[in-house]
Amino acid sequence: MRIPILKLYNYLLTTIQVELDDQTAIQFQDDLLKKIHETGALGVVIDLTSVEIIDSYIAKILGDVVNMSELLGAKVVLTGIRPAVALTLVDLGIGLKGVPTALDLEQGLEKLRQELGE
Amino acid sequence: MMMKNAPSRVEIHNEWDIVRARQSGRDYAKELGFGNVDQARIATAISELARNIYLYAKPGVITIEVIDDQGKKGLAITAKDDGPGINDLRQAMEDGYTTSGGLGAGLPGVKRLMDEFDILSEAGKGTKITARKYLR
(Lines give C-alpha, C1' and ligand atoms only; values in the text may rest on other atoms or scores of the structure.)
Protein backbone atom coordinates (compact mmCIF):
# COMPACT_ATOMS: atom_id res chain seq x y z
CA MET A 1 0.00 0.00 0.00
CA ARG A 2 1.31 3.49 -0.89
CA ILE A 3 0.39 6.70 0.87
CA PRO A 4 -0.11 9.53 -1.65
CA ILE A 5 2.10 12.62 -1.25
CA LEU A 6 0.89 15.87 -2.83
CA LYS A 7 3.01 18.85 -3.80
CA LEU A 8 1.65 22.33 -3.20
CA TYR A 9 4.04 25.22 -3.99
CA ASN A 10 7.08 24.62 -1.75
CA TYR A 11 5.28 22.13 0.44
CA LEU A 12 4.45 18.47 0.45
CA LEU A 13 1.16 17.39 1.99
CA THR A 14 0.25 13.92 3.00
CA THR A 15 -2.60 12.52 4.97
CA ILE A 16 -2.43 9.03 6.38
CA GLN A 17 -5.82 7.38 6.08
CA VAL A 18 -4.92 3.74 6.47
CA GLU A 19 -4.06 1.54 9.39
CA LEU A 20 -0.26 1.80 9.42
CA ASP A 21 1.45 -1.55 9.22
CA ASP A 22 5.25 -1.71 9.34
CA GLN A 23 5.68 -2.17 5.60
CA THR A 24 3.44 0.77 4.71
CA ALA A 25 5.25 2.99 7.22
CA ILE A 26 8.69 2.11 5.86
CA GLN A 27 7.50 2.57 2.25
CA PHE A 28 6.10 5.97 3.22
CA GLN A 29 9.42 6.97 4.78
CA ASP A 30 11.20 6.07 1.53
CA ASP A 31 8.64 7.74 -0.73
CA LEU A 32 8.63 10.97 1.27
CA LEU A 33 12.42 11.30 1.29
CA LYS A 34 12.57 10.67 -2.47
CA LYS A 35 9.84 13.24 -3.07
CA ILE A 36 11.63 15.87 -0.95
CA HIS A 37 14.80 15.22 -2.90
CA GLU A 38 13.01 15.40 -6.28
CA THR A 39 10.98 18.54 -5.59
CA GLY A 40 13.27 20.46 -3.25
CA ALA A 41 10.29 21.01 -0.97
CA LEU A 42 11.02 23.18 2.07
CA GLY A 43 8.16 22.04 4.27
CA VAL A 44 6.13 18.88 4.84
CA VAL A 45 2.83 18.38 6.65
CA ILE A 46 1.97 14.85 7.71
CA ASP A 47 -1.65 14.70 8.77
CA LEU A 48 -2.56 11.95 11.22
CA THR A 49 -6.24 12.79 11.76
CA SER A 50 -7.40 9.33 10.69
CA VAL A 51 -4.75 7.40 12.57
CA GLU A 52 -6.25 5.56 15.53
CA ILE A 53 -3.15 3.80 16.83
CA ILE A 54 0.49 4.80 17.04
CA ASP A 55 2.61 2.19 18.78
CA SER A 56 6.27 2.61 19.71
CA TYR A 57 7.48 1.30 16.37
CA ILE A 58 5.33 3.61 14.26
CA ALA A 59 6.25 6.50 16.58
CA LYS A 60 9.92 5.74 15.99
CA ILE A 61 9.42 5.74 12.21
CA LEU A 62 7.58 9.07 12.36
CA GLY A 63 10.32 10.59 14.53
CA ASP A 64 12.95 9.27 12.11
CA VAL A 65 11.07 10.74 9.12
CA VAL A 66 11.17 14.16 10.78
CA ASN A 67 14.93 13.96 11.40
CA MET A 68 15.75 12.57 7.96
CA SER A 69 13.65 15.21 6.21
CA GLU A 70 15.47 17.94 8.11
CA LEU A 71 18.76 16.52 6.87
CA LEU A 72 17.40 17.06 3.35
CA GLY A 73 16.47 20.63 4.23
CA ALA A 74 12.73 20.23 4.75
CA LYS A 75 10.83 21.07 7.93
CA VAL A 76 8.13 18.63 8.98
CA VAL A 77 5.01 19.26 11.04
CA LEU A 78 2.78 16.45 12.28
CA THR A 79 -0.87 17.46 12.48
CA GLY A 80 -4.15 16.07 13.72
CA ILE A 81 -2.87 13.72 16.42
CA ARG A 82 -6.01 12.44 18.17
CA PRO A 83 -6.41 12.97 21.93
CA ALA A 84 -6.58 9.19 22.48
CA VAL A 85 -3.36 8.71 20.52
CA ALA A 86 -1.63 11.50 22.49
CA LEU A 87 -2.66 9.92 25.82
CA THR A 88 -1.48 6.51 24.69
CA LEU A 89 1.89 7.82 23.50
CA VAL A 90 2.51 9.48 26.85
CA ASP A 91 1.55 6.25 28.69
CA LEU A 92 4.05 4.44 26.50
CA GLY A 93 6.68 6.95 27.56
CA ILE A 94 7.02 8.46 24.10
CA GLY A 95 6.75 12.22 24.00
CA LEU A 96 7.90 12.71 20.38
CA LYS A 97 10.05 15.44 21.89
CA GLY A 98 11.36 18.02 19.48
CA VAL A 99 8.86 17.01 16.80
CA PRO A 100 6.82 20.01 15.64
CA THR A 101 3.08 19.43 15.81
CA ALA A 102 -0.07 21.42 15.11
CA LEU A 103 -3.76 20.86 15.69
CA ASP A 104 -4.81 20.58 12.06
CA LEU A 105 -3.60 20.92 8.47
CA GLU A 106 -4.31 24.64 8.34
CA GLN A 107 -2.34 25.41 11.49
CA GLY A 108 0.40 23.08 10.35
CA LEU A 109 0.84 25.02 7.12
CA GLU A 110 0.75 28.28 9.05
CA LYS A 111 3.50 27.00 11.37
CA LEU A 112 5.67 26.07 8.39
CA ARG A 113 5.18 29.46 6.76
CA GLN A 114 6.25 31.21 9.94
CA GLU A 115 9.28 28.98 10.39
CA LEU A 116 10.34 29.47 6.79
CA GLY A 117 9.68 33.20 7.03
CA GLU A 118 7.21 33.28 4.16
CA MET B 1 -23.14 -7.98 15.97
CA MET B 2 -22.78 -11.22 17.86
CA MET B 3 -21.50 -10.80 21.41
CA LYS B 4 -17.93 -11.90 21.56
CA ASN B 5 -17.98 -14.49 24.28
CA ALA B 6 -15.48 -16.73 22.59
CA PRO B 7 -11.85 -15.65 22.94
CA SER B 8 -10.03 -14.39 19.87
CA ARG B 9 -6.77 -16.14 19.09
CA VAL B 10 -4.28 -14.58 16.69
CA GLU B 11 -1.07 -16.35 15.77
CA ILE B 12 1.90 -14.04 15.30
CA HIS B 13 4.15 -15.05 12.42
CA ASN B 14 4.66 -11.81 10.51
CA GLU B 15 4.14 -8.06 10.82
CA TRP B 16 0.61 -8.16 9.36
CA ASP B 17 -0.41 -10.43 12.21
CA ILE B 18 0.46 -7.55 14.55
CA VAL B 19 -2.15 -5.41 12.80
CA ARG B 20 -4.70 -8.25 12.88
CA ALA B 21 -4.18 -8.77 16.61
CA ARG B 22 -4.62 -5.13 17.54
CA GLN B 23 -7.67 -4.73 15.28
CA SER B 24 -9.26 -7.71 16.95
CA GLY B 25 -8.50 -6.21 20.37
CA ARG B 26 -10.02 -2.90 19.40
CA ASP B 27 -13.19 -4.65 18.17
CA TYR B 28 -13.53 -6.50 21.47
CA ALA B 29 -12.87 -3.35 23.51
CA LYS B 30 -15.43 -1.36 21.52
CA GLU B 31 -18.07 -4.03 21.82
CA LEU B 32 -17.54 -4.37 25.56
CA GLY B 33 -18.12 -0.64 25.97
CA PHE B 34 -14.64 0.77 26.52
CA GLY B 35 -14.30 4.46 25.59
CA ASN B 36 -12.12 5.76 22.77
CA VAL B 37 -9.05 6.31 24.88
CA ASP B 38 -9.14 2.87 26.48
CA GLN B 39 -9.77 1.29 23.08
CA ALA B 40 -6.58 2.95 21.86
CA ARG B 41 -4.70 1.90 25.01
CA ILE B 42 -5.76 -1.74 24.65
CA ALA B 43 -5.02 -1.88 20.93
CA THR B 44 -1.62 -0.26 21.47
CA ALA B 45 -0.74 -2.65 24.30
CA ILE B 46 -1.58 -5.58 22.01
CA SER B 47 0.54 -4.07 19.27
CA GLU B 48 3.53 -3.85 21.62
CA LEU B 49 3.08 -7.42 22.90
CA ALA B 50 2.61 -8.81 19.39
CA ARG B 51 5.67 -6.93 18.20
CA ASN B 52 7.76 -8.39 21.01
CA ILE B 53 6.77 -11.85 19.82
CA TYR B 54 7.49 -10.95 16.19
CA LEU B 55 10.92 -9.51 17.04
CA TYR B 56 12.17 -11.99 19.62
CA ALA B 57 10.09 -15.14 19.80
CA LYS B 58 7.94 -15.86 16.78
CA PRO B 59 5.73 -17.71 16.38
CA GLY B 60 3.53 -16.95 19.32
CA VAL B 61 -0.11 -16.37 20.07
CA ILE B 62 -2.12 -13.38 21.27
CA THR B 63 -5.39 -14.28 22.97
CA ILE B 64 -8.05 -11.70 23.72
CA GLU B 65 -10.90 -12.62 26.03
CA VAL B 66 -13.71 -11.03 27.94
CA ILE B 67 -13.39 -11.46 31.70
CA ASP B 68 -15.97 -11.08 34.42
CA ASP B 69 -14.36 -11.06 37.82
CA GLN B 70 -17.25 -10.89 40.30
CA GLY B 71 -19.02 -8.26 38.27
CA LYS B 72 -15.82 -6.46 37.27
CA LYS B 73 -15.88 -6.72 33.50
CA GLY B 74 -12.92 -6.27 31.29
CA LEU B 75 -10.54 -7.69 28.74
CA ALA B 76 -7.60 -10.00 29.31
CA ILE B 77 -4.79 -10.03 26.75
CA THR B 78 -2.43 -12.97 26.83
CA ALA B 79 0.79 -13.12 24.83
CA LYS B 80 2.40 -16.53 24.78
CA ASP B 81 5.45 -17.82 22.97
CA ASP B 82 7.91 -20.70 23.15
CA GLY B 83 10.85 -18.43 22.39
CA PRO B 84 14.14 -17.92 24.20
CA GLY B 85 12.54 -16.39 27.30
CA ILE B 86 13.66 -13.18 28.95
CA ASN B 87 16.99 -13.43 30.75
CA ASP B 88 16.62 -10.56 33.13
CA LEU B 89 13.00 -9.71 33.85
CA ARG B 90 13.83 -6.77 36.05
CA GLN B 91 15.92 -5.24 33.31
CA ALA B 92 13.19 -5.86 30.71
CA MET B 93 10.75 -3.95 32.90
CA GLU B 94 13.00 -0.88 33.07
CA ASP B 95 12.05 2.14 31.01
CA GLY B 96 14.32 2.62 28.05
CA TYR B 97 15.73 -0.90 28.06
CA THR B 98 15.96 -2.44 24.60
CA THR B 99 17.93 -5.11 22.82
CA SER B 100 16.54 -4.30 19.38
CA GLY B 101 17.42 -0.64 18.91
CA GLY B 102 13.74 0.23 19.17
CA LEU B 103 12.32 2.89 21.41
CA GLY B 104 12.33 0.61 24.42
CA ALA B 105 8.78 1.52 25.30
CA GLY B 106 7.98 -2.19 25.32
CA LEU B 107 6.93 -3.85 28.54
CA PRO B 108 6.87 -0.94 31.01
CA GLY B 109 4.73 0.93 28.47
CA VAL B 110 2.29 -1.98 28.25
CA LYS B 111 2.09 -2.10 32.04
CA ARG B 112 1.12 1.58 32.16
CA LEU B 113 -1.49 1.18 29.42
CA MET B 114 -3.27 -1.65 31.21
CA ASP B 115 -4.59 -2.13 34.79
CA GLU B 116 -2.91 -5.42 35.66
CA PHE B 117 0.21 -7.01 34.27
CA ASP B 118 1.73 -10.44 34.96
CA ILE B 119 4.76 -11.98 33.35
CA LEU B 120 6.16 -15.48 33.51
CA SER B 121 9.32 -16.28 31.65
CA GLU B 122 11.76 -19.12 31.66
CA ALA B 123 15.05 -19.13 29.77
CA GLY B 124 14.84 -21.51 26.83
CA LYS B 125 11.14 -22.23 27.32
CA GLY B 126 9.25 -19.10 26.54
CA THR B 127 7.26 -16.24 27.94
CA LYS B 128 3.66 -15.71 28.96
CA ILE B 129 2.38 -12.23 29.62
CA THR B 130 -1.16 -11.49 30.79
CA ALA B 131 -2.46 -7.93 30.90
CA ARG B 132 -5.96 -6.91 31.97
CA LYS B 133 -8.03 -3.80 31.65
CA TYR B 134 -11.34 -3.28 33.46
CA LEU B 135 -14.35 -1.21 32.53
CA ARG B 136 -14.76 1.71 34.88
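## Buried residues of H4(B)

In this predicted model, helix H4 of chain B, which spans residues 106-113, has a set of buried residues made up of B:Gly106, B:Leu107, B:Gly109, B:Val110 and B:Leu113. Because these residues cover an arc of only 160° around the axis, they lie on the same side of H4(B).

The buried residues of H4(B) pack against elements of both chains: from chain A they meet helix H2 (56-71) and H3, and from chain B they meet H2, helix H3 (89-92), strand S4 (116-122) and strand S5 (126-134).

## The contact between the chains

The contact between the chains draws 22 residues from chain B and 19 residues from chain A. On the side of chain B that touches chain A, the elements giving two or more residues are helix H1 (15-32), H2 and H4 of chain B, and the largest share, nine residues, is contributed by H2(B).

## H3(A) against H2(B)

Helix H3 of chain A (residues 83-92) packs with helix H2 of chain B (residues 36-57) at an angle of about 45°, and their axes are 9 Å apart; the two helices are therefore oblique to each other. Their crossing is right-handed.

On the H3(A) side the contact is formed by A:Ala84, A:Val85, A:Leu87, A:Thr88, A:Asp91 and A:Leu92, while H2(B) supplies B:Asn36, B:Val37, B:Ala40, B:Arg41 and B:Thr44. Taken together, the residues of this contact of H3(A) with H2(B) comprise six nonpolar, three polar and two charged.

Notes. Residues are numbered from 1 along each chain as its sequence is written. Chains are lettered from A and ligands numbered from 1 in the order in which they are written. This is a predicted model: local features need pLDDT of at least 70, side-chain atom pairs count only at pLDDT 80 or more; totals for chains, interfaces and linings use all residues. Axes are lines fitted to C-alpha atoms, for helices over the stretch in contact, and angles run from 0 to 180 degrees between N-to-C directions. Helices (H or I, at least four residues) and strands (E, at least two) are DSSP runs, numbered from the N terminus. Angles under 35 degrees count as roughly parallel, over 145 as roughly antiparallel, 65 to 115 as roughly perpendicular and the rest as oblique. A crossing is left-handed if the near helix is turned anticlockwise from the far one by less than a right angle, and right-handed if clockwise. Two residues are in contact if their C-beta atoms, placed from the backbone, lie within 7 Å. Ala, Val, Leu, Ile, Met, Phe, Trp, Tyr, Cys and Pro count as nonpolar, Asp, Glu, Lys and Arg as charged, and the others, Gly among them, as polar. A residue is buried if 20 or more other C-beta atoms lie within 10 Å of its own, exposed if 12 or fewer, and partly exposed in between; C-beta atoms are placed from the backbone. The arc is that of the directions from the helix axis to the C-beta atoms.
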